[in-house]
Amino acid sequence: MPPTRNIPFFNYPALFAEQEQELTEVILDVCRRGAYILQQDLAEFEKHLAAYMGVKHAFGVANGTDAIWLGLKACGIGPGDEVILPSHTYIATAAAVHFVGATPVLADIGADHMLDPGSVAALVTPRTKAIMAVQINGRTCAMDALQALADRHGLMLVEDAAQGLGSRFQGRMAGTFGRFGTLSFYPAKLLGCFGDGGAVLTDDDGIAEQIALLRDHGRHPETGQVVAWGFNSRLDNLQAAILDFKLKTFDQDVARRRAIAAHYQARLGDLPELALPPAPDADPRHFDVFQNYEVESERRDELRAYLEQHGVRSIVQWAGTPVHRFEALGFGETRLPTTERFFQRCLLLPMNTTLNEEDVDAICDLIRAFHGHAD
Ligand SMILES: *Cc1c(COP(=O)(O)O)cnc(C)c1O
């Protein structure tokens, strides 16, 4: 029996503790300057983020949910329009569609757990305005197929890349394929701040102009004149300064996550009872960044309880419920077989940059022992 070990799913205190001195300097610097809202640090972060992503415009906004909602609004999507998105996503993606007044239409996933172009195609109606790709778990959808589908039907392609920062498909970054793409800086996301934060990315000058107004009360960025109705959804300057600091070493974080994924693969790849995510170099078209490490097992609940008993915290994502199965939301009899089967089997193992080799080995030892495989 492997020894018990306390491994949290995500180590929130470590986010600060690992670079306490540098981060304290960043925070003190901002506070001493009294630079809280729409200041230089935000402008700098937006510039660096846009350069990192290879897009023309990046806007820091209050959170990743607002980012989607602002993007849709800036594209003119609203009442009477339908937006097709996967049911395998966080409720925020669908809620953003709902709150611009449009109708979220939920599609199934394919064998790769990403939005299935075949399922999307079957849901297109004369009211469909956009396809929302969701770059889930740190992987980018096969964007060529989705773009071809969007082109064929004259639809906009947009992206929720809250879980995809740094991930690429055919060399191109998640979040840069669509008319707009969005990011979240929730603490447990790939690039996490110390509160809420998000961004909208776009190459489209018209959309950029709309976002700049919508996030700041409709005020013209230079004159301050109110030129449209707007909201308040700005990324705090303090969070922006923290993010700007962390962005500098973000590629190291990605490399660390990929190394952990490779380690899981090496230790668990031979278990017939477990389906693992694709290994880091399994498909040359994909560069995955492993926001999450989500496995599948027929004995998911037992495995989870066993890990818990031995001090390892795992998570069944989103209360084990795909968006279309939250009864209060009115998706009625919608059935999405691949998504539903996935949610019965899925389990998130710990995946973050604070895990060391021994942690990953301990988790793998437990999983092997649970399945009766000695090393
Ligand atoms: C986290 C997340 C969001 C929302 O981001 P917040 O910053 O928490 O509002 C949206 N979509 C997906 C897929 C997410 O994982």
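**Entry 1**

I started at A319, which I found in the loop between α11 (300–309) and α12 (337–345); helices here are DSSP runs of H or I with at least four residues, strands are DSSP runs of E with at least two, and both are numbered from the N terminus. A319 has a positive phi of about 55°, although it is not a glycine. I then looked up H113, another non-glycine residue with a positive phi, here about 75°. H113 sits in the loop between β3 (103–107) and α6 (117–123). A reminder to myself: most residues other than glycine have a negative phi.

**Entry 2: ground rules**

I am working with a predicted model, where local features need pLDDT of at least 70 and side-chain atom pairs count only at pLDDT 80 or more, while totals for chains, interfaces and linings use all residues. Residues are numbered from 1 along each chain as its sequence is written, and side-chain values use heavy atoms, with hydrogens and water left out.

**Entry 3: the ligand site**

Which residues come nearest to the ligand? Of the 14 around it, I noted G64, T65, D160, S184 and K189 (a residue is near if one of its heavy atoms lies within 4 Å). By class, I found four nonpolar, eight polar and two charged residues in the shell; Ala, Val, Leu, Ile, Met, Phe, Trp, Tyr, Cys and Pro count as nonpolar, Asp, Glu, Lys and Arg as charged, and the others, Gly among them, as polar. Helices α4 (64–74) and α5 (91–99) each supply at least two residues of this shell.

Next I went through distances from ligand oxygen atoms to side-chain N or O atoms. For T65 I read 2.5 Å, for Q163 2.9 Å and for K189 3.1 Å. The protein covers 93% of the 380 Å² of accessible area that the ligand has on its own (Shrake-Rupley method, 1.4 Å probe).

**Entry 4: two open sheets**

I looked up an open sheet of three strands in the order β7-β6-β11, with antiparallel pairing; two strands pair if DSSP finds at least two bridges between them. Which strands are at its edges? They are β7 (172–173) and β11 (286–287), each pairing on one side only. Strand β6 (residues 168–169) and β11 pair over two bridges in the antiparallel sense, and R168 stands opposite F287 in β11.

Another open sheet of three strands runs β10-β12-β13, again with antiparallel pairing. Here β10 (274–275) and β13 (346–349) stand at the edges with a single partner strand each, so one side of each is left without a neighbour in the sheet. β10 and strand β12 (residues 293–297) pair in the antiparallel sense over two bridges, and I noted E296 in β12 as the bridge partner of A275.

Methods
A polar contact is a pair of N or O atoms within 3.5 Å; within protein, one must be able to donate a hydrogen and the other to accept it, and residues adjacent in sequence count only if both atoms are side-chain atoms.
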